[in-house]
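Subject: Structure for you to look at

Hello,

Here is the structure I said I would pass on. Please open it beside this message and follow the residues as they come up.

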Amino acid sequence: MMTQLLCGAVFGVALGFLLKRSGMCFTGLAYGAVCQRRWYELVPFMLVVAVQALVYHGMGHAGLITLPSFLPSFSLVSVALGSVLFGVGAVLAGGCLVGTLVKCGDGRIEAFAALASFLVAGYVVSAGPGMPLSAGLRSLAVVADDLPGRLGLLPLGLAAAGALALAVLTVRRSRDSVSLEEPSAGSGLGYWLGRKPWRRELVAVAIGLVMGLAFLASEQFGRRYGCATAMPLLSWVFALNPPDVVVGGCNPYDVVLGWGSGFAIGIPLGSLAASLVTGSLQLVRPSALELVASVVGGLLMGAGAMWGAGCLVSNGLVGTAQFSAKSWFALLFLLAGIWAGGCVAAAIAKRIGR
């Protein structure tokens, strides 16, 4: 058990460090694309998917990991509803679950509030009084998710083509833009880790590699899944108060403590390490409105992740790399939820401005 937790934590620390050090936020990228029409923001997002898909399917066809011939069936109604709620919640909370954990590493009070409300809502709908509602939603309009089994070698080719196309877009963008990077103020590992600006595209490639290799690492412990945060976070609550049945979530491996649990705990540790390296650790007192928005956002993400069978990471990044029909379907509604959340946030800001 301890080995699993430590292995997962290593990958969580790597992801948390990369996100905090680069300032990249998955919700922020999606928000910039769908709410502010900065479509290039989707390039780093999709780079994570493409690189992860290359690693995942490459390892699968090399016999290093197991590629499933089909994935569990899912409810069109439950996944759509849950994904929209999660998207709205991610905007209100100022980031998805991974973003929230990164902020926890900074000691951000509103992030801890969002995390606490997520755990409450997630437990209620997956193992508490809300289970009947969750089970009812998951029984509506159920369809098969056997897309990987029907595609064969095609995902590997599509991932390679996608990665190449995104690389071309990145190169063209770099040529057309004027570099604002300041002259080098140092050299060596300390400068590179702590002060040198990091390109988001390169960070996206690194994150894709981390997420792809996570499949290989976790399968060594019998867990045939990649990075996830929703159920792994709830696994700590389940360990304290074991439920008889759990309804919802993206995979059954993380209901009990294991690799995923360590991964979730590692993210804020990696963020804290990046803050210490860069000297940016600073406790900020949130306003009352920020605190309320974070709590509401956490509640929506808790219910949304359980009903949507995943969060922005497990559906939007990991499942899409597996060519899961459920995850690509969920991603559309996650983006719709982020757009709706942006509209709500703008309306609130306008009203307060008056």
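Arginine 173 lies over the face of tyrosine 40, 4.3 Å from the centre of the ring. The model is a predicted one, in which local features need pLDDT of at least 70, side-chain atom pairs count only at pLDDT 80 or more, and totals for chains, interfaces and linings use all residues. Residues are numbered from 1 along each chain as its sequence is written, and side-chain values use heavy atoms, with hydrogens and water left out.

A charge counts as sitting over a ring if NZ of Lys or CZ of Arg is within 6 Å of the ring centre and within 35 degrees of the ring normal. Arginine 21 also has its charged end over a ring, that of tryptophan 198, at 4.5 Å from the centre.

Next, the salt bridges. A salt bridge here is a side-chain nitrogen of Lys or Arg within 4 Å of a carboxyl oxygen of Asp or Glu. The whole structure has six of them. In one, arginine 200 meets glutamate 41, with 3.0 Å from N to O. Arginine 200 belongs to helix α11 (residues 200-219) and glutamate 41 to the loop between α2 (26-34) and α3 (42-61), so this pair ties together parts that are 159 residues apart in sequence. Helices are DSSP runs (H or I, at least four residues), numbered from the N terminus. Arg38, Glu41 and Arg200 are linked in a network of salt bridges.

Glutamate 41, at 10%, counts as buried.

Another salt bridge joins glutamate 201 and arginine 199, whose closest N and O atoms are 3.3 Å apart. Glutamate 201 is buried, at 8% relative accessible area, while arginine 199 is partly exposed, at 39%. Arginine 223 and aspartate 254 also form a salt bridge, with 2.8 Å between the closest N and O atoms. Arginine 223 is in the loop between α11 and α12 and aspartate 254 in the loop between α12 and α13, so the pair links parts of the chain 31 residues apart. Both arginine 223 and aspartate 254 are buried.

Then the aromatic rings. Rings of Phe, Tyr and Trp (its six-membered ring) pair if their centres lie within 6.5 Å; planes under 30 degrees apart count as stacked, over 60 as edge-to-face and the rest as tilted. The structure holds nine such pairs. Phenylalanine 11 and tryptophan 259 have ring centres 5.6 Å apart and planes at 50°, so they are a tilted pair. Phenylalanine 11 and tryptophan 259 are both buried. Together with Phe263, Phe11 and Trp259 form one aromatic cluster.

Last, helix α15 (residues 314-321). Why is this helix described as largely enclosed by the rest of the structure? Eight of its eight residues are buried, so the description follows from that count. Among them are Ser314, Leu317 and Ala321. Just after α15, phenylalanine 323 takes a positive phi of about 60°.

Regards

Conventions
Buried < 20%, exposed > 50% of the residue type's maximum accessible area, 1.4 Å probe, protein only. Helix = DSSP H or I, 4+ residues; strand = E, 2+ residues; numbered from the N terminus.
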